[in-house]
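Trainee: Please give me a close look at a single part of this model, including how it is packed against its surroundings.

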Amino acid sequence: MIKKIISLAVASVMMTSPVIVNAGANDKAPTNAKEFSVFMANNHGFTKDYVEQALNKAQKRQSILDAMSRPAEGKDWYEYRPIFLKSKRIKQGAKFWQEHLATLERAEKEFQVPAEVIVAIIGVETYYGRIQGSYPVIDAISTLAFHYPKRAKFFASELEQYFILAREQGWSLDKHKGSYAGAMGMGQFIPSSYRHYAVDFDGDKQINLFSNPVDAIGSVANYFHKHKWMLGEPVAEYLPNLDKALSTKFHNNKLKPKFTTQTLKDAGVEFTSIAEKDPKAGVYHFKQKDSVDNWVGFHNFYVITRYNRSPMYAMAVHQLSQEIKAEYQAQLAEQQKSPETSE
């Protein structure tokens, strides 16, 4: 899965952090351009001149550094939710589902990840592929690797992965554009995630997350599968009447649920969802203008945060997925009406 700060209606690709985990990356890549060139030559067989020329051509972009300082996740929930839970995004999600029904059914069956979650991720990240970012990926990642000390190690590792990815895929380094954090394609995968989770889901011997929705759907599903999504298990449930003391006591201030459903119920937290495969759960807080919404989040809620390390992101994806599913079912029901019924 990667800001208006340009316009709250602008793409989610500019509103979310990049797909997170730099799988297999090793944080040994230097955060100095000259040292990086030597590192890539010594460790991955690139010529030093090739790397130096690519980095010299890449531009440092101040707008990228500015964007890193104001992520949408810095907003409160009542400001964050409306960015994604819009009628148009919901309807377009249902349309995307209908257009790619066979692929989504196959992905759900093969990877055991529900279609509505796959669609919601692509909807949140790039508005179903429409807005994938405008920064050359090489510019974005090199800017952050060499000019953003706070996360320089992470992005130097991603720059390493991007050079390898481009070689594997036969791309020129300046071919693709993405988010300000270097996330790419319909699902906004950073280079390490592209290398480790992207799949050739249509069997054409290419992995294209930019203009091939089949590969994008399969890759998002594979990402969730690899992070242990449990089909049929709950994601989250709203707790409208939770006692303040219980809300405080069982507040999950980490991403991973740290209590059990039985512990919560024994203490008086009331919810109806049943988590059979993994009974871990916790209470998550979402700030409204004058109050706090309480939700119990389960294992699958945590899995969504593996795509973007934010409970608000996970909740936005969950709620959007449910709205898309309802709209999709409503559209199907309308289409199935007989002419007599619809008159």
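Mentor: Helices α7 and α11 lie roughly perpendicular to each other, a term for angles of 65 to 115 degrees (under 35 is roughly parallel, over 145 roughly antiparallel, and the rest oblique). The model is a predicted one, in which local features need pLDDT of at least 70 and side-chain atom pairs count only at pLDDT 80 or more, whereas totals for chains, interfaces and linings use all residues. Residues are numbered from 1 along each chain as its sequence is written, and side-chain values use heavy atoms, with hydrogens and water left out.

Two packed helices are described by the angle between their axes and the distance between the axes. For α7 (residues 115–126) and α11 (residues 213–226), the angle is about 110° and the axes are 10 Å apart. The axes are lines fitted to C-alpha atoms over the stretch in contact, and angles run from 0 to 180 degrees between N-to-C directions. The helices themselves are DSSP runs (H or I, at least four residues), numbered from the N terminus.

From α7, V117, I118, I121 and I122 meet A216, I217, V220, A221 and F224 of α11, contact meaning heavy atoms within 4.5 Å. The residues of this contact divide into nine nonpolar, no polar and no charged. Nonpolar here covers Ala, Val, Leu, Ile, Met, Phe, Trp, Tyr, Cys and Pro; Asp, Glu, Lys and Arg are charged, and the others, Gly among them, polar.

Helix α7 has 12 residues and spans 17 Å from its first C-alpha to its last, close to the 16 Å expected, which is 1.5 Å times one less than the number of residues. Because 12 of its 12 residues are buried, α7 is largely enclosed by the rest of the structure; buried means under 20% relative accessible area (exposed is over 50%, partly exposed in between; 1.4 Å probe, protein chains only). These buried residues pack against α4 (77–84), α5 (87–99), α6 (101–111), α11 and α15 (311–336).

With a relative accessible area of 0%, E125 is buried. Its side chain makes a polar contact with the side chain of Y313, at 2.5 Å. Such a contact is a pair of N or O atoms within 3.5 Å; within protein, one must be able to donate a hydrogen and the other to accept it, and residues adjacent in sequence count only if both atoms are side-chain atoms. E125 also lies 7.1 Å from M186, C-alpha to C-alpha, although 61 residues separate them in sequence. Just after α7, Y127 adopts a positive phi of about 50°.

Note on methods: Helices (H or I, at least four residues) and strands (E, at least two) are DSSP runs, numbered from the N terminus.
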